[in-house]
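Subject: Structure for you to look at

Hi,

Here is the structure I promised you. Please open it and keep it beside this email while you read.

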Amino acid sequence: MNSRVRLALAVALLSLAASLLAAPAAEIPLNERRSAYEDMSRDNKAMQDDDTSNPGMLAVLDGEALWSVKVGASGKSCADCHGDAKTSMKGAASRYPAFDTASGRPVNLEQRINLSRQQDQKAQPFAYESKEMLALTAYVALQSRGEPIAAHDDPRLKPFIDKGRAAFNQRQGQLNLSCGQCHDDNWGKHLAGNTVPQAHPTGYPTYRLEWQSLGSLQRRLRNCMIGMRAEPYSYGAPEYVDMELFLMWRARGMKIETPAVRP
Amino acid sequence: MKQAIRQVVGEAHVKPGKIKLDLPPLVENGNSVTMGVMVDSPMTAKDYVKAIHVFTEKNPQPNIISVQLGPRAGKAEIQTRVRLADTQSVVAICELSDGSFWSHTVDVIITLGACLEELP
Amino acid sequence: MAARTLINVPPKAKRGEVIQIKTLISHIMETGFRHDNVGRPIPRDIITSFVCTYNGEEIFKAALYQAIAANPFITFHTVATESGTFVFQWTGDNGFAQDASAKITVE
């Protein structure tokens, strides 16, 4: 083989190797997606299934109470504008993160609630992971339990879904791992006694046994990044909302389980 | 744990049997483990379970729960969720109306979460 | 501030029927064995006692310890003897006291 062909072959092989290294993790085929619920023990499944034993339902009850509390300079409650949550909030959580025209980017459910609090109720926003925020998001998301996660196909969302996908597939942290390497490529395998889930956000806010409390998707994402020995962003960072959006898009069609129980 | 048991049982002889402790052999997260305890007893005024006590071998504190029952219970069966610090034995002891003590011991394996988080 | 409770008692039962009662209460059950992020011990804060009465008569009593998981869930049984009210009382560290009640119709 002459040297020019050899050079061309070498270049081809190198670029192939480079593209393999940079290639995103293979997406899970839509019909192979499964919720981490399936991997739980019989007892933990029972905890989620039974509304009288699911600890997340305590927060739902708090959220139901908060829904009718008049707050802020407006003296209005959520109910004053939104009426009965069972009707007005049906399907709402399945559509979030959703595009917010005013800010020109997607917002998640927590941000949407805070926008309403500040702009409409003229009240202080709730902090992430505060008792009130968890209660309200749990109550609102419960109204979508059993509903399929929306397609998130609003064209304005596409660039943000792409950003979330890029973050999902980017290697990071001291372990130099990407989310996709575990959750797309190695789901179902075991890591230190636990089954690697596909990581679909079907049940947020979720009662995680590790936390012994309810927690948001952002809290879970921060834990993942800490676990990967990467620097977590602050709560509310746009990078997280983009990731949440990508994860919800990736889970489109899967049923909402809020309030889910997870180990 | 032995001392905690003696505080409840005194010098009485504890026999294995009658009481059943239901715990999963392999636990996903030791922070919340579903635990059932039941005693085979007719729960009549003459023959009933007075108390159920559950102990742990390796938790920092040996007691888990102590329950007082009587014939009004109808069934000597409880369920709760407990914390188990490490792979260990859990012992359930019941005291019957005739003063006898019975026990059941279960070994539980606790797996730790893979991605350990810091406190927020 | 009141702790949220969730009680499940069958609304109706036949006289003599053995019914199951399920109780859930919001409580951190801080063991006293944990430390905060600067190494200081977090003081114990748990529910220590749970009592249930049925038309004023005690039918169930439990002493709880640190090993009871957060947001304590307890189920037990009782014989449905007459219509009336179940009263549930939880007490614990730092003067914690919470009660809840549920009614039953017994035919």
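Start with a hairpin in chain C. Strands β7(C) and β8(C) form it, with three residues between them. In the turn, C:N94 has a positive phi of about 55°. Strands here are DSSP runs of E with at least two residues, helices are runs of H or I with at least four, and both are numbered from the N terminus.

Two notes before we go on. This is a predicted model: local features need pLDDT of at least 70, side-chain atom pairs count only at pLDDT 80 or more, and totals for chains, interfaces and linings use all residues. Residues are numbered from 1 along each chain as its sequence is written, while chains are lettered from A and ligands numbered from 1 in the order in which they are written.

β7 of chain C covers residues 84-92, and nine bridges join it to β8(C). The two run antiparallel. Two strands count as paired if DSSP finds at least two bridges between them. Look for C:T85, which stands opposite C:K103 in β8(C). β8(C), residues 96-106, has another partner: strand β2 (residues 12-13) of chain C. Two bridges join these strands, and they run parallel. There, C:A13 has C:V106 as its bridge partner.

Now the meeting of chains B and C. 24 residues of chain B are in contact with 21 residues of chain C. Contact means that the C-beta atoms, placed from the backbone, lie within 7 Å. On the chain B side, β6 (63-68) and β7 (76-82) each supply at least two residues. That side has eight nonpolar, eleven polar and five charged residues. The classes are simple: Ala, Val, Leu, Ile, Met, Phe, Trp, Tyr, Cys and Pro are nonpolar, Asp, Glu, Lys and Arg are charged, and the others, Gly among them, are polar. β7(B) also pairs with strand β6 (residues 73-79) of chain C, antiparallel, over two bridges. B:Q79 has C:T75 as its bridge partner.

Next, chain A. Its secondary structure comes to eleven helices and seven strands. Buried residues make up 40% of its 263 residues. A residue is buried if 20 or more other C-beta atoms lie within 10 Å of its own, exposed if 12 or fewer, and partly exposed in between; the C-beta atoms are placed from the backbone.

Helix α2 (residues 42-49) of chain A shows both kinds. A:D43, A:N44, A:M47 and A:Q48 are buried. Why are they on the same side of α2(A)? Because they cover an arc of only 140° around the axis, judged by the directions from the helix axis to the C-beta atoms. A:R42 and A:D49, on the other side, are exposed. The buried residues pack against β7 (261-262) of chain A together with β4 (33-39) of chain B.

That β7(A) belongs to an open sheet of three strands, in the order β6-β5-β7, with mixed pairing. β6 (213-215) and β7 of chain A are the edge strands. β5 (residues 206-208) of chain A runs parallel to β7(A), joined by two bridges.

Last, two helices. α3 (residues 56-67) and α7 (residues 131-142) of chain A pack at about 95°, with their axes 7 Å apart. Axes are lines fitted to C-alpha atoms over the stretch in contact, and angles run from 0 to 180 degrees between N-to-C directions. The two helices are therefore roughly perpendicular, a label for angles of 65 to 115 degrees. Their contact has ten nonpolar, two polar and four charged residues.

Best wishes

Conventions
Contact = placed C-beta atoms within 7 Å. Parallel < 35°, antiparallel > 145°, perpendicular 65-115°, else oblique.
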